[in-house]
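Trainee: I would like to go through the labels given to this model and check each one against its criterion.

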Amino acid sequence: MTIIEDIIASFQQPERLKKIVRATFSGPRDATGSKVQLKPVALKDGMYVQRVDLGKQSSKTRHIALEHIQGELEELFQTYTHCFLRLEEEEWYAEARRDGHWKSQNWKGKKKRLKVPYTADLAHNRKKKHLLEEGVIVPSLVALDILTKEGKVKAQAAAKFKQINRFIEIVSSVLPRFQDSITVVDLCCGKAYLTFALEYFLRTHYPHPYRLVGVDQKTEVIATCNHIASTLCDNRISFVQGSIADFEPDGPVDIVIALHACDTATDIAIEKALLWGAKAIFVAPCCQHALNAELKKEMCPVLFKHGLFKERFASLLTDVMRVQQLEAAGYSVDVIEFVDPVHTPKNILLRAVSVSAREIH
Ligand SMILES: C[S@@+](CC[C@H](N)C(=O)[O-])C[C@H]1O[C@@H](n2cnc3c(N)ncnc32)[C@H](O)[C@@H]1O
């Protein structure tokens with residue numbers, strides 16, 4: 001079966017259809033600049049596929065009965081040159097070969113298994129199902145200007161809200177390992193959007209005692225965070241001002257988070273987490289300059305001739321070494337895409353779970 005036949009079959013088999021998060025057709029052969037998104041929807045009289053044609057000025061939505069889906073897909077494969085299909089646990093990508101005319105063999109493709117699954121949403125109103133739902137009033141996120149008082153996501157915070165949800169989705173994957181209580185330390189927490197969101201998620205979804213501590217060097221930011229924590233979060237979360245290198249917890253630490261910690265602060269966070277014996281570590285590295293400064297052009301003239309290549313290579317190598325360090329320390333590491341790269345270029349997250357913690361639960 002070719003990848004195209006496989007994609008068409010996925011839309012025809014009810015069990016596979018329900019696992020489709022989204023299919024996107026792009027790269028129109030006639031360069032109209034539009035693209036098409038498909039997703040399964042459950043309507044009153046059964047399952048349909050929702051088709052949204054995204055034009056430059058406006059978009060058009062209609063629902064396709066399953067008996068017509070094959071013809072519809074064949075038309076899309078004739079009109080477009082790229083198809084991306086996200087299932088709950090896999091992503092497929094297909095691309096038309098140069099010869100153009102549609103035939104399933106004229107497409108090549110690949111499939112990628114996802115370590116952190118997505119959840120298909122069969123609601124027809126296109127509202128994405130998030131772990132923190134829009135409309136739910138989370139007081140700390142209202143205070144942080146992410147939500148309005150009515151719980152709506154503020155327009156300028158939409159990408160942040162998406163990132164918050166993806167982060168909670170990733171962290172929630174390890175929570176079943178902690179059956180008694182949990183202490184989370186967020187190093188370089190900044191304004192602590194993610195820490196506060198996680199606190200709310202734990203409050204509403206984690207049935208055991210929990211504590212969160214955020215650490216950052218910015219005095220004013222920490223004062224604001226502590227004010228929000230004491231007024232809106234029953235002090236289940238607290239913040240410490242200072243360098244993360246100097247921070248010492250007052251008890252065992254289960255999870256260490258360091259998201260977009262500047263440059264080598266990510267490495268300090270990893271060192272601390274290892275020292276404290278954290279069972280899970282989540283780091284999303286940020287700007288990485290240290291290794292770049294060590295690499296000299298003459299070490300590999302072909303690769304380092306252009307500054308951008310050198311910088312990207314140094315970043316990648318830095319992350320590879322962090323993975324090696326964590327694995328050597330007895331962690332199983334996944335390298336995960338944090339959010340769509342359109343929202344931020346700082347998109348890689350390392351999720352490390354201590355192998356002994358994996359065995360315990
Ligand atoms: C880009 S922000 C990230 C904030 C937050 N983690 C997030 O992802 O939204 C980086 C933060 O790291 C803090 N930071 C950098 N190096 C630090 C250090 N050595 N000790 C404490 N804070 C540090 C900065 O003050 C800043 O607030």
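This is a predicted model: local features need pLDDT of at least 70, side-chain atom pairs count only at pLDDT 80 or more; totals for chains, interfaces and linings use all residues.

Trainee: Why is Pro 139 called partly exposed?

Mentor: Pro 139 has 16 other C-beta atoms within 10 Å. Buried needs 20 or more and exposed needs 12 or fewer, so Pro 139 is partly exposed. Pro 139 belongs to helix H4, residues 139–143.

Trainee: How do you know how helix H1 and helix H3 pack?

Mentor: Two packed helices are described by the angle between their axes and the distance between the axes. For H1 (residues 3–12) and H3 (residues 69–79), the angle is about 145° and the axes are 10 Å apart. The crossing is right-handed.

Trainee: Which residues make that contact, and what classes do they fall into?

Mentor: Ile 4, Ile 8, Phe 11 and Gln 12 of H1 meet Ile 69, Gln 70, Leu 73 and Phe 77 of H3. Six are nonpolar, two are polar and none is charged.

Trainee: What makes E10 and E13 edge strands?

Mentor: The open sheet has seven strands in the order E10-E9-E8-E11-E12-E14-E13, with mixed pairing. Strand E10 (237–241) and strand E13 (331–337) each pair on one side only.

How values were computed: Residues are numbered from 1 along each chain as its sequence is written. Helices (H or I, at least four residues) and strands (E, at least two) are DSSP runs, numbered from the N terminus. Axes are lines fitted to C-alpha atoms, for helices over the stretch in contact, and angles run from 0 to 180 degrees between N-to-C directions. A crossing is left-handed if the near helix is turned anticlockwise from the far one by less than a right angle, and right-handed if clockwise. Two residues are in contact if their C-beta atoms, placed from the backbone, lie within 7 Å. Ala, Val, Leu, Ile, Met, Phe, Trp, Tyr, Cys and Pro count as nonpolar, Asp, Glu, Lys and Arg as charged, and the others, Gly among them, as polar. Two strands pair if DSSP finds at least two bridges between them.
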